[in-house]
Amino acid sequence: FCWMSIKTIHRCTEWSTEAQLFASALSVCPRSLKVLNNYAQLFLETDPRHAIPFLDKAIALHDEYPSAHFNKGIAHNNLGETVEAIQSFTKSLEQNPNDGRIRLLLGGALLSHAKSLLNDNQVEAEEHLLQALKHVNDSIENVDAKNPRTLHLRCEIGNALSYDGKDSIRYCVSALDANRKTASNNIDEDVTLNLLGIISKQMLEFDAAIEYFSQGLKANPESYDILINLASIHSDTGNYKEAKGYFEQAEKLDLADPSLRAYLLANKGWLVEKQGMRLDARKMYAEAIDLSQPNPHPQIVTNLRNIERYCEVNHCE
């Protein structure tokens, strides 16, 4: 106890936080696998870059230590380093093949990496998606068939692979049902409802899509993705007034990322262009391109170019 001696008081001051406790333990036992791993674990969310060297030390001491590989995978995943995350999760899974958490995170990392490859290497992207599908299916069949996060991921992977939309919807609906019955592994329901809306729209089931998006917006009234998707589907179905309203709601959000505002302007530009307001659309496309530099989306550039050509001939005012 801290009142027992001067020396103990000093130690209690050192150990006022978990980080200080493990840092003190490291100074005494610098080769302790458990201390290295636990110290690194404290920083996985707040400073994952700081955590990695300590996990590397643990792995150098014992390469078959699954917790260090698992936590290193989390650190890399939180940094957006999906290749390194996949390598670490794979190594951890070799030691714990029945651990559903590892399969879930490995599947998620594979999905994220596949998405980054879609524009440049579709063959490799599909290979990663199929690997993700295998891990997630194994987790559902052999570990936990009612884990909301695993079910949501299965829905997302199936959609990315362009599998049967009804099959993906079944998994998303199951994820929502499971989420309402458990206090662990919870998902953000607005994210799943948004995905259900996207899949329904792809299946040309517009009424169902609008219903899912609307439910998602009730769950999270400030969801940028859902507001844009609601605006877009109303624009596509000719409900311009409703589309305008959702775009305006999205514009009121605090969009710190310029790419989000650029995407909003591009879609709103298309809405007003369809209504014949080409000069307004031209301004929106131009601003979207400026915000997207140095790599504006080719479709926005094409839309702006088409308006400029039209106006050269027809003298827009």
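Two residues are in contact when heavy atoms of theirs lie within 4.5 Å. What you are looking at is a predicted model, where local features need pLDDT of at least 70, side-chain atom pairs count only at pLDDT 80 or more, and totals for chains, interfaces and linings use all residues. Residues are numbered from 1 along each chain as its sequence is written, and side-chain values use heavy atoms, with hydrogens and water left out.

Now for the overall build. The protein has 17 helices and zero strands; helices (H or I, at least four residues) and strands (E, at least two) are DSSP runs, numbered from the N terminus. Of its 317 residues, 44% count as buried. Buried here means under 20% relative accessible area, exposed means over 50%, and partly exposed is in between (1.4 Å probe, protein chains only). The protein exposes about 17500 Å², and carbon and sulfur atoms supply 50% of that. Accessible areas like this one come from the Shrake-Rupley method with a 1.4 Å probe; for residues, only the protein chains shown count as cover.

Let's zoom in on helix H6, which runs over residues 82–95. H6 has 14 residues and reaches 20 Å from its first C-alpha to its last, close to the 20 Å expected at 1.5 Å a residue. (The expected span is 1.5 Å times one less than the number of residues.) Its buried residues are Thr-82, Ala-85, Ile-86, Ser-88, Phe-89, Ser-92 and Leu-93. To read a list like that, remember that an α-helix has 3.6 residues a turn, so residues three or four places apart point the same way. And what covers the buried residues of H6? The cover includes H5, helix H7 (100–117) and helix H8 (122–142).

Rings of Phe, Tyr and Trp (its six-membered ring) pair if their centres lie within 6.5 Å; planes under 30 degrees apart count as stacked, over 60 as edge-to-face and the rest as tilted. By this rule there is one aromatic pair. Phe-70 and Phe-89 make it up, and the pair is tilted, with 6.0 Å centre to centre and 55° between the planes. Phe-70 belongs to helix H5 (residues 66–78) and Phe-89 to H6, so the pair ties together parts that are 19 residues apart in sequence. Phe-70 counts as buried because its relative accessibility is 9%, and Phe-89 is buried too, with a relative accessible area of 0%.

Further along, there's a link of another sort. A disulfide is a covalent bond between the sulfur atoms of two cysteines, counted here when a pair of cysteine sulfur atoms is within 2.5 Å. That gives one disulfide. Its sulfur atoms, from Cys-155 and Cys-172, are 2.1 Å apart, and with -90° about the S-S bond the link is left-handed. Cys-155 sits in helix H9 (residues 148–160) and Cys-172 in helix H10 (residues 165–179), so the pair ties together parts that are 17 residues apart in sequence. Both cysteines are buried.

Which residues does Thr-192 touch, leaving aside its neighbours within four places in sequence? They are His-152, Cys-172, Leu-176 and Ile-187. Thr-192 is buried, with a relative accessible area of 0%.

Next come charges over rings: NZ of Lys or CZ of Arg must be within 6 Å of the ring centre and within 35 degrees of the ring normal. Arg-170 lies over the face of Tyr-171, at 4.6 Å from the ring centre. Likewise, the charged end of Arg-278 sits over the ring of Tyr-310, 3.9 Å from its centre. Arg-278 and Glu-308 are 30 residues apart along the chain, and their C-alpha atoms are separated by 9.1 Å. Glu-308 is in helix H17 (residues 298–314) and counts as partly exposed because its relative accessibility is 35%.

Finally, check out some loops. Between helix H16 (278–291) and H17 you'll find Pro-294, joined to Gln-293 by a cis peptide bond with omega of about 10°. In the loop between H11 and helix H12 (206–219) lies Leu-204, which has a positive phi of about 65° although it is not a glycine. Leu-204 counts as exposed, at 62% relative accessibility.
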